[in-house]
Number of protein chains: 2
Amino acid sequence: MSTTIPEELRPLVDEPHYGVLGTIRPDGAVQVNPMWFRVDGDHVLFTHTTTRQKYRNLQHNPTMSLAVFDPAQPYRYVELRGVLDDVVPDPQAAFFLELAARYGDARTTPPEDAADRVILRMRIDRVSGQ
Amino acid sequence: MSTTIPEELRPLVDEPHYGVLGTIRPDGAVQVNPMWFRVDGDHVLFTHTTTRQKYRNLQHNPTMSLAVFDPAQPYRYVELRGVLDDVVPDPQAAFFLELAARYGDARTTPPEDAADRVILRMRIDRVSGQ
């Protein structure tokens, strides 16, 4: 167990695979959702808005974990566990558009919810996988 | 929010896509792992063993949630939230082999950990997705 992503698992986060983010709802249930993301040093960055359930979950409990697997080789996966370190306003949706480009989404103009857009910065505390 | 999987999301669970299962560790952190599964009525069935962390998590806290998306159309996903309803011994690994066949795994003989194999039966309490 380490906080560094091993070299052999690195392609899982460098290639534009969707991740699945786990958070904990205020009632204690787990919530899991597919997400765009980008790893930045010892953080994972997500685009999100302040009006959605995941944001409310993280305000209540900052615990979060991301699983990423390669659908072409699904035995290979990486799990990044951590906590919400920071929320950065993104009112021009610049980071949203950066992730859209990473994931091959054709959009080049800010989405309708741009005013509510934020960057969630998750600090990586534990890395596992195979 | 319903406990029934809508017809338009049904292919996500009928086709052999991997799911990502969220559980809660005894220290309160979320854990997310890719999993084989099969939906059976109002339950989701997983093959697992009694010696692994996810099993310990579920003994401590029966909350669990599964996210499934189609890598070819990743905007389409389904989230099934629920609790561990039942653990069924599978010492011949019959259910493991059934899932192996569903997912195109070539194995036809029980794995080395067959003696510890169990079927986790998750009761579906909430369905969401798009």
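Me: What is the area buried between chain B and chain A, and what share of it do carbon and sulfur atoms give?

Reply: In this predicted model, the area buried between chain B and chain A is about 2300 Å², and carbon and sulfur atoms give 67% of that area. On the side of chain B, Tyr18(B), Val30(B) and Val32(B) lose the most area to chain A, and together they account for 26% of what that side buries.

Me: Which elements of chain B supply the side that touches chain A, and how is that side made up by class?

Reply: Strands S1 (19-24), S2 (30-35), S5 and S6 (73-89) of chain B each supply at least two residues of the side in question. By class, that side has 15 nonpolar, seven polar and five charged residues. In terms of contact, 27 residues of chain B meet 27 residues of chain A.

Me: Why is the pair Arg121(B) and Asp86(B) called a salt bridge?

Reply: The closest N and O atoms of Arg121(B) and Asp86(B) are 3.8 Å apart, and since the rule asks for a side-chain nitrogen of Lys or Arg within 4 Å of a carboxyl oxygen of Asp or Glu, the pair therefore counts. The pair links distant parts of the chain, with Arg121(B) in strand S7 (residues 117-129) of chain B and Asp86(B) in strand S6 of chain B, 35 residues apart.

Me: Why is Arg121(B) called partly exposed?

Reply: Arg121(B) has a relative accessibility of 21%, and because buried means under 20% and exposed means over 50%, this value falls in between. Asp86(B), with a relative accessible area of 34%, is partly exposed by that rule too.

Me: What makes Asp105(A) buried or exposed, and how does its partner Arg107(A) count?

Reply: The side chains of Asp105(A) and Arg107(A) meet in a salt bridge at 3.1 Å, N to O. Asp105(A) has a relative accessible area of 16%, which is under the 20% cut-off, so Asp105(A) is buried. Arg107(A), at 37% relative accessibility, lies between the cut-offs of 20% and 50% and therefore counts as partly exposed.

Me: How do you know that Asp70(B) is buried, and what does its side chain reach?

Reply: The relative accessible area of Asp70(B) is 10%, and because that is under 20%, Asp70(B) is called buried. Asp70(B) is found in strand S5 (residues 63-70) of chain B, and its side chain reaches the backbone nitrogen of Ala72(B) at 2.9 Å. Leaving aside neighbours within four places in sequence, Asp70(B) is in contact with Leu12(B), Glu15(B), His17(B) and Arg76(B). Asp70(B) and Pro11(B) are 59 residues apart in sequence, yet 9.2 Å apart in space, C-alpha to C-alpha.

Me: Why are the buried residues of H3(B) said to line one face of the helix?

Reply: The buried residues of helix H3 (residues 94-102) of chain B are Phe95(B), Phe96(B), Leu99(B) and Ala100(B). Seen down the axis of H3(B), they fall within an arc of 145°, so they line one face of the helix. An α-helix has 3.6 residues a turn, so residues three or four places apart point the same way. What covers the buried residues of H3(B) includes strand S3 (38-40), strand S4 (43-49) and S7 of chain B.

Me: What puts the buried residues of H2(A) on the same side?

Reply: In helix H2 (residues 53-60) of chain A the buried residues are Lys54(A), Tyr55(A), Asn57(A) and Leu58(A). These residues cover an arc of only 160° around the axis, which puts them on the same side of H2(A). Among the strands of chain A that they pack against are S1 (19-24), S4 (43-49) and S7 (117-129).

Methods. Residues are numbered from 1 along each chain as its sequence is written. Chains are lettered from A and ligands numbered from 1 in the order in which they are written. This is a predicted model: local features need pLDDT of at least 70, side-chain atom pairs count only at pLDDT 80 or more; totals for chains, interfaces and linings use all residues. Side-chain values use heavy atoms; hydrogens and water are left out. Helices (H or I, at least four residues) and strands (E, at least two) are DSSP runs, numbered from the N terminus. Buried means under 20% relative accessible area, exposed over 50%, partly exposed in between (1.4 Å probe, protein chains only). Contact means heavy atoms within 4.5 Å. A polar contact is a pair of N or O atoms within 3.5 Å; within protein, one must be able to donate a hydrogen and the other to accept it, and residues adjacent in sequence count only if both atoms are side-chain atoms. Buried area is the accessible area (1.4 Å probe) that two parts lose on being put together, summed over both. Ala, Val, Leu, Ile, Met, Phe, Trp, Tyr, Cys and Pro count as nonpolar, Asp, Glu, Lys and Arg as charged, and the others, Gly among them, as polar. The arc is that of the directions from the helix axis to the C-beta atoms.
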